[in-house]
Amino acid sequence: MSGFHEAAGCVSRRALMAAAVSAVAVTALGAPSAQGQEGLGTPEQPVEVRMIANEAFANQWQTLMVPEFNKAYPNIKVTIDGVPYVELLAKSMLDATGPSPTYDIIIADDPWVPQLAEVGALMDLKGAEAAAWTDAGYDWDDFNAAPLAAGEWKGVQYGVPLRSNMLMMFVNKALYEKAGVPLPTPDLTWEQYLEQAPKLVQDTDGDGKVDAWAVDTYFVREPLTPTIWQTIMNSNGGQLLDADGKPAFANEIGAAALETHRKLLEYAPTGAVSHGFSESLQAFRQGLVATMFNWGSVYKGSAIDEKTTTLKPDQVGIQVLPAGSVGPGAHRGIWNGTVSAKSENRQAAWTVIQWLSSKEGEAWHSANLGVFPARKSTLAARPPVEWLGPVFAALQQAYDAAEKGRMWRIRHPRSDAAQQILADEHSRFMAGQISAAEALKVAAEKIEKVLD
Amino acid sequence: MSTVTATGVRAARARAWTKLADVASRWAFMGPAAVILGAMLAYPIFYTIEISFSRFDLMTFGAVEWIGFENYAHVLDDYRFWSSMKVTLVYLVFALPLQIVLGFGIAFLINADWRGRGTVRALFIIPMVVAPVVAGGIWRMILDPLWGIMNWAIGLAGFGPLDWFGDPNLAMAAIVIIDTWRWTPFVVLIATAALLSLPRDIFEAAEIDGAGWWSMLWSITLPLLVPIIAATFVVRWLGAVKMFDIALAATYGGPGGATNVINLFIYEEAFRSLRFAESAAMAVIVLVLTMVLTGLFLLGTRKLEQRY
Amino acid sequence: MTAAALHAPLRRRSRLGRKIRIAAGVFACIVFLFPVFWMVLSSFKEQRDIFTVPPTLVFTPTLETYVSYMQRADISRRLINTVIVATGSGLLSIVAGAMAGYALARIRLRGAGTIGVLILLSRGVPPIALAVPMFLVARSLGVTDMHITLILAYCTFLIPYVMWLMRGFFLALPKELEESAMIDGCSRFGAFFKIIVPISMPGLLSTMIFSMILAWEELLFALVLTNRYASTIPVAIAGIAGDTVNGANWGALTAVGTITVIPVVVFALLVQKWLIQGLADGATKG
């Protein structure tokens, strides 16, 4: 009995020695290449990468994107957890600030990167460590400036654009023809648009009741509604914050933009004041409104997919929002892929999002999942399906406009609190409880305190 | 002086032991509940109170420095907090009595002795089971000025379309309707059980004495039901104060904050604006108010219980 | 005039009254169930048929929403998780809560009343405030994303309700019930389980149904405390409703809504049978 123990003890000690020796040997000998191989996993020891993303596309990625990724990198196992949008930021923050975060990749919405960066949760994707793992042909300059800027904070690039989205104007050409109004072009101004609007409120089936309206968009009390107001303001040269980071929207341009947003209600369907993303979408898809200001990603479900829309592809037009005194309007909404700074599998994690945002990956992504690309090369190339043609063209216009007018939400670690304040005051104005000037003044005061 | 015998001592010890066992068995009933709740809630409540008095650091998700009542001052200074409290009060005043009265009334109706009684009772539970988000969504569809069946039906009756979500008063009415739709079945459920447990002999005796159903209701049924009505009211009141998902799904708290009940506001401050310290301060304020009001209710119901 | 003759008009009136009662009850049931009917109807419509003006009752039904969505959001696993968590917390809360409610109602115990009130008042804390610290504790213990964590978390709000409701039921029972049993030599626990529980079955079962329903639809704790392995159906529903990419998929929402309703309805229908059975027994025992 004791002999056995001794032998076992001997064996294990010897095994330990052997392990130690080989460990030293391995680290001393093949350091960079061996590390590189381990970082990407081996068939016997695959690397597991966990990602937290929006529930809306988590499953699509898990079932379609990951297998495609695994064709190029078979030893990286990717598990994606989907979280509803509203809780995604809080859950990401809760996880990232823990001692050992669960997630290696965080998919962050446009305004969240500063918050995550400030708590030290994100890895620098252009830094020395990541550069060693970046493919030679990746080409950072190929990205359009506006989407790439969404992942940048204080000069450091923390994220890459994975799903690019812009606010756009959707057009129901049939309703325009019926009203005898010329179809909109990218040069259309807000004044012209508002002049045409009354004519687009029409009775299409001749029963004496109005059943088609000019517009539907975000009006309801929610954080994304102020983006419409902001787009109008930006297109007229207004800005949310000035160079010092102080609120700069409490002026005539901002007030006029608010009035314009509310004026749209006059030409919107009954009850539009409580309409948001989903309702305006349904109104457009049922052919009830001539124009809709909404996110470009809904194009497929509004023009192509028979099961969700009553409109036909040739009935639907897409372009930038009407132009103000400075240029056309747009608004950026980019989903960024970021890598957790505390992750143990940083190389594998960066490989995943690097692949997805590379030229080949992006082309695959947009061809197969209909996701909007951010690279100039992808947008300039022939679209993978025909209906993406006008979408790509409109997208490029939107990117250019957004970059010129800095058309995006506040970038600051406390941006969400600021956005909620904007939503509250904007909603009070839309409900007619306060004047435009008052709403902007209260919002500016509160936001200044919050951003401090 | 009595002599202490051996048997006397043993008997005394035996009595003491049974007394201990008796106290232990009494406390054992309270035991599991107290242990589970104590273990699970002690730290969270302590944490909430702590961060409400401190500056909150997102990097560690913890309190950093003690700043006393500063968070509370911010909260009390914010017009949105007061507006939210007012909205919650209006909602409670309308929704609670409606649900209790309607619930007990319907329970009484469906309690009539007939074949389909069990099925109707079981079917009545369904609105409670529909997820709040789905309930809010369906009612949005039903009440929508453009697509809703409600306005279409009203139109058939000759009235104009009602802007359920654009008008602040109608939006509040919508919230009350949806909440009542969801929770009256709960009251019905409890009330049915209560009615079923009522001893039949009293009713039979009263019937033989020639009492009509109204007087039976007033002088027999209601007094017997007082403990249950009070308990249901307290449970419903505590649940109603916490309501936020219906408001979120149906009206988003709008228009302009007209249906922004306090828990929705706390949720927004915590999860959207990531202002956990202010949110904790509000939670503590709401807790204190709820405790005070619940205490008053309990005192009142105890008086009622003693009377009957 | 015989007593029978005196009572005859009373009986006729009460029979008509009874018919009116039943009719009114059924009418109320129909009114309350209409939105659910609408939900089930919509779940069989194509997306584009759900938002027509005016609302359509005649359409080509499709099962595709059910088929496609069931796979997409991992619904089957989430359904199982929800059943596990709801049953677990329902049972645990009914046992602990009923015992505590009994302690409050029938046992003279110094301090128990205070504890009971404190437990009830714990319901005054907004759950949002509790979710984050609970997550922090769970994370430091390494128990996030587990069923047992969720079950215990749910008990924190179920037990107070159960306790308070059962206290109300127990107070209505005649005072001498368990005393006579205990005089006969039964222990307190024995008296509780053998006498009190059977008699208060209607209340007990109804409260358990309520408790399980609350656990079934709880969203906030499930969102914060689980990631994928213990994720529940309400999380999936929140994901569909808050879909900021494709727009709320109303077909999927109503489909999942319908799916979540069915198990509980079946459960309630079964329980109703036992309820009536238990009452029949109780009635014969007098």
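Chain B holds 13 helices and two strands, counted as DSSP runs numbered from the N terminus (helices H or I, at least four residues; strands E, at least two). In this predicted model, local features need pLDDT of at least 70 and side-chain atom pairs count only at pLDDT 80 or more, while totals for chains, interfaces and linings use all residues. Residues are numbered from 1 along each chain as its sequence is written, chains are lettered from A and ligands numbered from 1 in the order in which they are written, and side-chain values use heavy atoms, with hydrogens and water left out.

The radius of gyration of chain B (taken over C-alpha atoms) is 26 Å, well over the 19 Å that the globule rule (2.2 Å times the number of residues to the power 0.38) gives for 308 residues, so chain B is more spread out than a compact globule. Along the principal axes, its C-alpha atoms fill a box of roughly 90 × 70 × 30 Å.

The domain assignment (automatic or from a database) divides chain B into domain 1 (2-52) and domain 2 (71-307). Their C-alpha centres lie 38 Å apart. Four residues from domain 1 and eight residues from domain 2 take part in the contact (heavy atoms within 4.5 Å).

Between them, the two domains bury about 420 Å², 70% of it on carbon and sulfur atoms; buried area is the accessible area (1.4 Å probe) lost on putting two parts together, summed over both. On the domain 1 side, Thr48(B), Ile51(B) and Ser52(B) lose the most area, together 86% of what that side buries.
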